[in-house]
Amino acid sequence: SVRDTLRMFPQGRHPPGQPFKFSVLEICERIKEEFQFLQAQYHSLKLECEKLVSEKTEMQRHYVMYYEMSYGLNIEMHKQVFTIFTRTFFTV
């Protein structure tokens with residue numbers, strides 16, 4: 001079978017002087033195996049991509065939350081500085 005041949009001669013190496021003798025059935029089986037392997041790789045990469053998209057969305061949500069909190073604290077700080085400034089310099 002193709003699997004046995006590939007195990008015996010990895011990376012396409014075969015004994016010198018012996019031509020490859022694969023039947024149509026063996027070639028079709030090899031193509032089928034390659035296709036299944038590529039499908040599995042595609043599925044794995046697709047899942048990884050979906051996971052990364054989800055993480056990106058979560059990071060963006062955290063960034064917006066951080067920005068809103070930072071902006072609110074900055075406004076509050078300016079209000080307090082203005083209150084202290086007006087009390088210090090404009091109280092009679």
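The tour goes from the whole chain to single side chains.

**Before you click**

This is a predicted model, in which local features need pLDDT of at least 70 and side-chain atom pairs count only at pLDDT 80 or more, while totals for chains, interfaces and linings use all residues. Residues are numbered from 1 along each chain as its sequence is written, and side-chain values use heavy atoms, with hydrogens and water left out.

**Select the whole chain**

Colour by secondary structure: the chain has two helices and zero strands. These are DSSP runs, H or I of at least four residues for helices and E of at least two for strands, numbered from the N terminus. Of the 92 residues, 2% count as buried. Buried means under 20% relative accessible area, exposed over 50%, and partly exposed in between, with a 1.4 Å probe and protein chains only.

**Select residues 28-55**

UniProt, in an unreviewed entry, places a "coiled-coil region" here, at residues 28-55; positions follow the numbering used here, feature names are shortened, and annotations may be inferred rather than shown by experiment. In the model this span is 100% helix and 0% strand, and its end C-alpha atoms lie 40 Å apart.

While you are here, show Cys 28, which is partly exposed at 44% relative accessible area. Cys 49 is also partly exposed, at 45%. How many disulfides does the count come to? The count is zero, where a disulfide is a pair of cysteine sulfur atoms within 2.5 Å.

**Select Arg 30 and Glu 34**

A search of the whole structure finds two salt bridges, each a side-chain nitrogen of Lys or Arg within 4 Å of a carboxyl oxygen of Asp or Glu. Arg 30 and Glu 34 form one of them, with the closest N and O atoms 2.7 Å apart. Both residues lie in helix H2, four residues apart, about one turn of the helix. Arg 30 is partly exposed at 30%, and Glu 34 is partly exposed at 33%.

**Select Glu 58 and Arg 61**

Here is another salt bridge, with the closest N and O atoms of Arg 61 and Glu 58 at 2.6 Å. The two are three residues apart in helix H2, so about one helical turn separates them.

**Select Tyr 63, Val 64, Tyr 66, Tyr 67, Tyr 71 and Ile 75**

Together these residues form a nonpolar surface patch with about 690 Å² of accessible area. Patches take residues with over 30% relative accessible area and no salt bridge, joining like charges within 9 Å and nonpolar side chains (Val, Leu, Ile, Met, Phe, Trp, Tyr) within 5 Å. Val 64 lies in helix H2, residues 24-90, and is partly exposed at 43%.

**Select Phe 85, Phe 89 and Phe 90**

Ring pairs link Phe 85, Phe 89 and Phe 90 into a cluster. Rings of Phe, Tyr and Trp (its six-membered ring) pair if their centres lie within 6.5 Å; planes under 30 degrees apart are stacked, over 60 edge-to-face, and the rest tilted. The count comes to three aromatic pairs. The Phe 85 and Phe 89 rings have centres 4.9 Å apart and planes at 50°, so this pair is tilted. Phe 85 is partly exposed at 41%. Phe 85 also pairs edge-to-face with Phe 90, at 6.1 Å centre to centre and 75° between the planes. Phe 90 is exposed at 60%.

Key. Areas by Shrake-Rupley, 256 points an atom, 1.4 Å probe, with all protein chains shown as cover.
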